[in-house]
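Hi,

Here is the structure I promised to pass on.

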Amino acid sequence: MIIEIYRNELINCELDDSIPVLEHRWLKEPTDAQFKNELIAIAKLYRDLKITYKKLAWLADTELLGELSVD
């Protein structure tokens with residue numbers, strides 16, 4: 001079953017517990033700070049879900065991510 005974890009103007013994050021996979025889809029290009037904050041939040045979420053789902057994978061759809069600066 002696909003469970004929506006959270007959604008905002010930048011990203012949609014879902015858990016498919018049948019596989020299991022944590023997936024996130026960028027909805028528009030973030031600023032550098034937004035990218036960093038969202039990625040850290042998802043990494044923490046992945047770490048926490050990994051306790052329950054031992055074989056949890058992490059998948060990102062970066063088609064709408066855009067370009068990031070070197071910073």
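**The core**

Of the 13 residues that make up the largest nonpolar core, the ones touching the most other members are Ile11, Leu22, Trp26, Leu45, Leu49 and Leu56. By nonpolar core I mean a set of buried Ala, Val, Leu, Ile, Met, Phe, Trp, Tyr and Cys residues joined through side-chain atoms within 4.5 Å. Buried stands for under 20% relative accessible area, exposed for over 50%, and partly exposed for anything in between (1.4 Å probe, protein chains only). At least two residues of this core come from each of β2 (11-16), β3 (21-26) and α1 (32-52), and α1 gives the largest share, with 5 residues. Helices (H or I, at least four residues) and strands (E, at least two) are DSSP runs, numbered from the N terminus.

Before you go further: this is a predicted model, so local features need pLDDT of at least 70 and side-chain atom pairs count only at pLDDT 80 or more, while totals for chains, interfaces and linings use all residues. Residues are numbered from 1 along each chain as its sequence is written, and side-chain values use heavy atoms, with hydrogens and water left out.

Back to Ile11. Which residues is it in contact with, leaving aside its neighbours within four places in sequence? They are Tyr6, His24, Arg25, Trp26, Leu27, Glu38 and Ile42, where contact means heavy atoms within 4.5 Å.

**The helix**

The 21 residues of α1 should span 30 Å at 1.5 Å a residue, and the 31 Å between its end C-alpha atoms agrees with that. The expected span here is 1.5 Å times one less than the number of residues in the helix.

Phe35, Glu38, Ile42, Leu45, Tyr46 and Leu49 are the buried residues to look at in α1. They sit on the same side of α1 because they cover an arc of only 110° around the axis; the arc is that of the directions from the helix axis to the C-beta atoms. On the other side of α1 you will find Lys36, Asn37, Arg47 and Ile51, which are exposed. Lys36 counts as exposed because its relative accessibility is 53%.

What do the buried residues of α1 pack against? The answer is β1 (2-7), β2, β3 and β4 (57-61). α1 lies across these strands, β1, β2, β3 and β4, and runs at about 165° to β3. Axes are lines fitted to C-alpha atoms, for helices over the stretch in contact, and angles run from 0 to 180 degrees between N-to-C directions.

**The sheet**

The open sheet has 4 strands in the order β1-β2-β3-β4, with mixed pairing; two strands pair if DSSP finds at least two bridges between them. β1 and β4 are at the edges with a single partner strand each, so one side of each has no neighbour in the sheet. On average, and with direction ignored, neighbouring strands are turned by 20° against each other.

Going through the pairs:

- β1 and β2 run antiparallel and are joined by 5 bridges, with a hairpin of 3 residues linking them. Ile2 has Asp16 in β2 as its bridge partner.
- β2 and β3 are paired in the antiparallel sense over 6 bridges, and the hairpin they form has 4 residues between them. Leu15 is opposite Leu22 in β3, and Asn12 is opposite Arg25 in β3.
- β3 and β4 run parallel, joined by 5 bridges. His24 has Ala60 in β4 as its bridge partner, and Glu23 is opposite Leu59 in β4.

β2 deserves a look of its own: 6 of its 6 residues are buried, so to speak mostly covered. Ile11, Cys13 and Leu15 point one way from β2, Asn12, Glu14 and Asp16 point the other way, and all are buried.

**A cis bond**

The peptide bond joining Ile19 and Pro20 is cis, with omega about -15°. For context, most peptide bonds are trans.

Cheers
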